[in-house]
Amino acid sequence: MATAWAALRSGIMASLAVAEPPASRAPSRSLGRSPARSPALSPAPGPSRCGGERHRSRSGAGADLGAIQDAQLRSVDLNHVIKLLEDSDSKDLEKEQLKALKKVVKRFENGLPLKDLAQVVEILNLCAEKVNEQEAFTEPLCELIKLCGLPFQKKKSSDEVSYSVAASKSIAQLGYLMRVPSSQVRIQICKCVVSFYNTELPRKLLPGYQPTNANYKIQMAELGGLAETLVLSLALVENHLTEKLWVLKALQHLSSSGVNCRLMMKAQAASRLCLYLNGVDPSGQLVFRSSEILWNLLENTSKEEVVNQLSSLECVHALKETFIDLLLHGFRHCDRQLRNDLLVIATLLAENPAAPMIESGFTKLLIVLATFTEVKIPNPLVKGLKLTYGYEDFELKKLLFNVIGILSKDPCAVQLLSESDVMPALLYYVKPNQKPGFNDWSAVQYEELQLHAIAVLASVAPVLIDKYLSCQANTLLLVFLEWCVGQDPFFGQGNSFHGTGGRGNKLAQMHYSLRVLRSVVSLYDDAVNLNLCDQGAISQLLDILKYAANKSKEKEDAILLEIQADILFLLSGFCENDLHRKELFSYEGVDILIPFLQMDPKKLYSGLGHNHLLFSALDCLWSCVIGCYITEDYFLEKQGIFLLMDLLALKQKNLHNIILGILVEFCDNPKTTSHISTWRGEKDQTAAHLLIKLWRQEELELGVKRDRFGRIVDMKRPIASSFQKQQEVIPLPANCPSFAIVEVSENIRAKLYSLLCKLGFENLPGLSAKDFVTLAIIRRYIDFKVGEVWSEMCAEIIEEFKPVSSDEEALKIISEVPEDTGRIVAALQTEVLESQHHQEIQEEEKTYKKIQAIHKQREMVAKSWENFLTRTSDYEALKKAKKLQEKSIETSRSKLKIENGTVHSTDIKGLGTTRFRKNSKDAAYATCKPTDSSTAIPHNKESQSGYNPPTFKDLTERDGDPQGAIHDGA
């Protein structure tokens, strides 16, 4: 900050001389203004902090004499001094009083003890009363005030808290002393306040004392309300420039605290200071210090409160005159910084509709200044005015653009914008970047101004749409967008706020150009949309969308996602309710749209803007595809319905409403329902099951009463939400929808009902009993909703009128209809649950029988195995089994003889048995070998590799049947 005010120092020093207040300032502020500044204004040498008496005593007396004087000074009785000052009967006491005051000053030359503050303040007040009649007391009073600028002295650490009330009152008393009609006293008070922020420890401390904390006096000043008192004292020094400058300097230091700023605002500090801006002051300090205090007030208090205080015609006029003076006659660097600071304050006033910016002529002035460099304006104010290409004038240009954007939001200022050349001036920057000339903005500066101008154009264009069209703005923007995707070598710097994401590319220019188009298309003005579409905007935007999507695959960032979302919005605005434009969107648009619906669900939580992009894609699908059968069929071929159902199955409640709306609209195409019915989600979930599940979730959030099985509880109002039941009967006009009607659009139940109607309520796959219970309610949704409307009508009629008996009977019958319907649905739900319960019991019994059969089979196998072991280990048991077998065979034979028939013997002659010999595999194999030579297996070793002959166990245990093995072996 010191460098910013170095140029101002010499001029101010020459004008203020000795009476000039010190220029050390409070910490810098940064509320959107120029870089912080610190003036290098140094005061002329003043009296020494420790007092002239101290230096004279050091230089003129010896050590012994000094010790004697110190002993005498230590014995100063403050109560005696007070009594002496109160005695005003004789003028002969004046010398003695002055001598006593001199002793007090000498006694406390190193600082005032906290315990003596109350008495010292009383002495100050007595002296102040005497100054009016006796000027001789002015000097002692100033010396005593100077002592208050030194650090207070404490004996114990707890003294700071113990004497806080006395300390705060003593500092507050300094402000009250501004009533003394003495320039010397007032200046000394301000110097004392400034010294709070430049504390220097005294060279010598009182014995047994130590200085208080460096911030102690600042805190006590806040507690005592010193800042408010000094603001009020400005009225006393209004006609005294030097005193006023010192008060402003003290307030500048005090305004570094939020507490002090709030106290100052109570005294209307903002309006008082603004009126001083155009005051006569050759040094320039008046403007500087007043603006700095205003900035501190804006930063440390409510901005709205400050702006309200500045919104008087006098304040706006003073601000305007000061701004013009600095604009035309300020050639120093610090003058331009002050000019920009005042312009920021004016910008804040422009945001307040109550500020008389238009009445004062300030608005028109700012509009002229914002456009005179781009468009030649015959205005005497700007004749001969030329901006340099330095940093401060560059900041001025950006601030003026910002003011235009703010004025576009004020309906009263739109007329002034329309009468001026704002639109051509902003469109001047909608062109490809060129190499800067010798006397021109640098490439970085031009890019920042270009982006800022296009961003402001997005705010101005919607309110000046006629001027926008007359300037062929659409053509300029489309040509500019073509340059943005072209191969023209350009590398953006991306240094400014508007250049975010545009370093090394043209994405920033593309981003803000699309914003301008979005702002005008969102007006849904047929002339604007027709003008764009006639120039091929749809195909050009599809190419840009494809370009941005490819860029996003390389590296995703928020700017690219926003560009894609803006293009999708533009396409939606063009194609909505226009079949021809939907046909232009057609296949190419669907191919671009499908990848957005295939977005990874995890990206929705990235925070980059994927959520916004997905919503824009769904909106584009609704506007650009639905209603054009060719495009709809192509979307179905691309399995678009499956993608929508996948998105619906995600746990994203904010997507449900728009997706269900799209599906309902799509169902007008007869091919859609088969796609929805075919879809399967996770765990083979069907579309019907998903829709019914969403219904249950919606009713749970709405607080609809259901029992634990999902059945109806309230028969009179089966589908009413908890909030709906809390509403009282309010008679409404016929054209005003009741709550039962409004509720339809506030949740997704109506869309779910419509979609299930399209699918049909019969033969829906994949539903459980719980789903069927809910489906019974969904099926009668319209009946229940009609019942709610009738209930509201009946309640309103009874509230307003007394119906006759026939009407009353009719209303009663009508009101019973929904209740009867609720009972029918509840009975059906109970029947479904009972059927399900019966089916579950049958399934349970079937499962139980299956388990029994398995156990019985296991027991039979175990018993068979025991019998097998018995027969193989006990020969007698084997013979017994053989006899039983033969007997069984004999019993099974028929006893009847066949007449005139041939009887065949069951004995097979030559039947031999297989005998096994130990270690004789070949013999066993020879018995079993086939007789057909074509299937015989050779007996060489090569052919037997990998083959294992059957063992005894293999031959005796066929299919786990030991009895069969024994039978064969026998």
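**Helix packing, salt bridges and surface features**

Helix α27 passes helix α30 in a left-handed crossing, meaning that the near helix is turned anticlockwise from the far one by less than a right angle (clockwise would be right-handed). This is a predicted model, in which local features need pLDDT of at least 70 and side-chain atom pairs count only at pLDDT 80 or more, while totals for chains, interfaces and linings use all residues. Residues are numbered from 1 along each chain as its sequence is written, and side-chain values use heavy atoms, with hydrogens and water left out.

**Helix pairs**

- Helix α27 (residues 507–521) packs on helix α30 (residues 558–575) at an angle of about 30°, and their axes are 9 Å apart. That angle makes α27 roughly parallel to α30 (under 35 degrees is roughly parallel, over 145 roughly antiparallel, 65 to 115 roughly perpendicular, the rest oblique).
- Helix α6 (residues 117–131) and helix α7 (residues 138–148) pack at about 150°, with axes 9 Å apart. α6 is therefore roughly antiparallel to α7.
- α6 also passes α7 in a left-handed crossing.
- Axes are lines fitted to C-alpha atoms, for helices over the stretch in contact, with angles from 0 to 180 degrees between N-to-C directions. The helices are DSSP runs (H or I, at least four residues), numbered from the N terminus.

**Salt bridges**

- The count comes to 37 salt bridges (a side-chain nitrogen of Lys or Arg within 4 Å of a carboxyl oxygen of Asp or Glu).
- Glu448 and Lys398 form one of them, at 2.6 Å from N to O. Glu448 is in helix α24 (residues 443–460) and Lys398 in helix α21 (residues 391–407), so this pair ties together parts that are 50 residues apart in sequence.
- Both Glu448 and Lys398 are buried (under 20% relative accessible area; exposed is over 50% and partly exposed in between, with a 1.4 Å probe and protein chains only).
- Asp633 pairs with Lys671 in a salt bridge whose closest N and O atoms are 3.6 Å apart. Asp633 belongs to helix α33 (residues 629–637) and Lys671 to the loop between α35 (653–666) and α36, so the bridge ties together parts that are 38 residues apart in sequence.
- Asp633 is partly exposed at 22% relative accessible area, and Lys671 is partly exposed at 45%.
- Lys785 and Glu788 meet in a salt bridge of 2.9 Å, N to O. The two residues are 3 apart in helix α42, which means a separation of about one helical turn.
- Lys785 and Glu788 are both buried. They belong to a network of salt bridges that links Glu699, Arg706, Glu743, Arg749, Lys785 and Glu788.

**Loop residues with positive phi**

- Most residues other than glycine have a negative phi.
- Gln268, which is not a glycine, has a positive phi near 60°. Gln268 sits in the loop between α14 (258–266) and α15 (269–275) and is partly exposed, with a relative accessible area of 39%.
- Asp684 has a positive phi of about 60°. Asp684 lies in the loop between α36 (672–678) and α37 (687–702) and counts as exposed at 55% relative accessibility.

**A residue pair apart in sequence**

- Ser164 and Gly224 are 60 residues apart in sequence and 9.8 Å apart in space, C-alpha to C-alpha.
- Ser164 is in helix α9 (residues 164–176) and counts as buried at 18% relative accessibility.
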